[in-house]
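Me: Can you walk me through this one? I've got a few quick questions.
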Amino acid sequence: MVNGNEPYEWYVDGEWVGGAGDTFESTNPATGEVIAAFEHASAADVERAVGAARAAADEWRRRSYVDRAEVLWDVFAELRERKAELGEIVSRECGKEIGEGLADIEEAAHMVEWAAGNARHPHGDVVPSEIASKDAYMRRRPRGVVGCITPWNFPVAIPFWHLAVTLVEGNTVVWKPAEQTPYCGRIVAELFDDAGVPSGVFNVVQGYGEVGAAIVDDDRVDTVLFTGSAAVGHAIDERLGGRPGRDCALEMGGKNAVVVTEAADLDIAVPAAVLSAFKTTGQRCVSAERLIVHEDVYDDFRDRFVDAAERVAVGDPLDESTFMGPLIDADAVAKFREYNALAREEGATVLVDRVDLDPDEIPAGGDAGHWVGPFVYEMDYDPEHRVLREEVFGPHVALIPYRGGVERAVEIHDAVDYGLAGAIISEDYRQLNYYRDEAAVGLAYANLPCIGAEVQLPFGGVGKSGKGAPSAREVIEAVTERTAWTLNNGRGIEMAQGLSAELRFEG
């Protein structure tokens, strides 16, 4: 996997190119091992990539949907053929256990399949006109150049949420992968190169946040698709807000919750909560950091959840018996510890503290890895507690008892600035329907974990969690412009709303 002593280049205008600037390294979060070095793009390099995308835009959009999708079908085939290999690369670079690494590739394949398959599906809407001799319908055209900025925790799947639909809809792309997972970014670029994507249609520039900022700042980029932190997403929205001809779709973080009512089946509630809290080591934007549990079932739920948290398997991501791998980097560990300390300061009763793992829990060769275990605590709801309002992005979980009806649970659930994902566990359909109708979330689940969206569903939130949904059918809105087209088939002009078409002249 390591590229000797030579840093990897980027992919711009159909060529592997590099600059003369700084380099940066990708490391394995389980071991600290250097995976590869990469060229860091400069503002001038981003300008070149955007120029290539702009130059290729007209020719690419003039191709048919089906012709554009052919490139994606070749990518789909390679994702399928290399699933085992690529899944291991994902696990090595971002620390997810191997089952999740493989699922990352599977999800990418599903997204490509959906987008490429959509090329042969009906597009547009026929709209009835008041006038019998008129045809009215909706058409779409690509916006042009789309900048894509994606996170490290789904380093192959999420890029294809952005890229696949964007390209099939006729746009060209400049993509910045996460700096923590540049090797996965390189792999995706190789897939497109192998598929023979035309020069300039797909471009990749690697580096830190300033590379993404350069994409956002370039007025030739018509739409920015972003998945990542709320702070960065809101900065993008502020930068582009009110700029004529520019748009963005943003999917950001969450302070997600699972509601467990008095009518819950705990045989569903406990595993759903464990999956929501600890899958991907709590490093999903949809991970649950709050478990809101009715007092009638609270003690039983707490005991069972605590038992699971104390025993959940932390270990080598490539070992199939592992449930939780490491955190992504030292900064993530520091933030996790900071919020654990804050929970204690704000009066939490700590139930599980596996932050400092026993030496025999850390895999061989993992002394330089970013290893932690679950941190679980209980506290009564207080809107002033920061730990109940702010996203941690790690296996940091609060148990919050409530009394009263489901209305109170949803009130606590919604008392955060975010609104990405959530779940309710109940055997009472009225409670389920109340949550469905009243909870302020973009992704809602009943009797399931609050993770695991399928690619054909839009993935986005409300409030601080997002603006639009940069995936599936919803991303089409962000990367295309609509035209309402009306055609007169009559011999004269007849107007709607009873408006006269008669011309009147003086004299």
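Me: In strand 20, what's the bridge partner of Arg 140?
Reply: Arg 482 in strand 20 is the partner of Arg 140. Keep in mind this is a predicted model, where local features need pLDDT of at least 70, side-chain atom pairs count only at pLDDT 80 or more, and totals for chains, interfaces and linings use all residues. Residues are numbered from 1 along each chain as its sequence is written, and side-chain values use heavy atoms, with hydrogens and water left out.

Me: How many bridges join strand 6 to strand 20?
Reply: There are 9 between strand 6 (residues 134–142) and strand 20, and the two run antiparallel. Strands here are DSSP E runs of at least two residues, helices are H or I runs of at least four, and both are numbered from the N terminus. Two strands pair if DSSP finds at least two bridges between them.

Me: What order do the strands of that open sheet come in?
Reply: The order is 5-6-20, with antiparallel pairing. Strand 5 (126–127) and strand 20 (480–488) are at the edges with a single partner strand each, so one side of each has no neighbour in the sheet.

Me: New topic: which residues touch the most other members of the largest nonpolar core?
Reply: Among them are Leu 79, Phe 160 and Phe 305, in a core of 138 residues. A nonpolar core is a set of buried Ala, Val, Leu, Ile, Met, Phe, Trp, Tyr and Cys residues joined through side-chain atoms within 4.5 Å; buried means under 20% relative accessible area (1.4 Å probe, protein chains only).

Me: And which helix gives the most to this core?
Reply: Helix 5 (residues 157–168), with 9 residues.

Conventions: Buried < 20%, exposed > 50% of the residue type's maximum accessible area, 1.4 Å probe, protein only.
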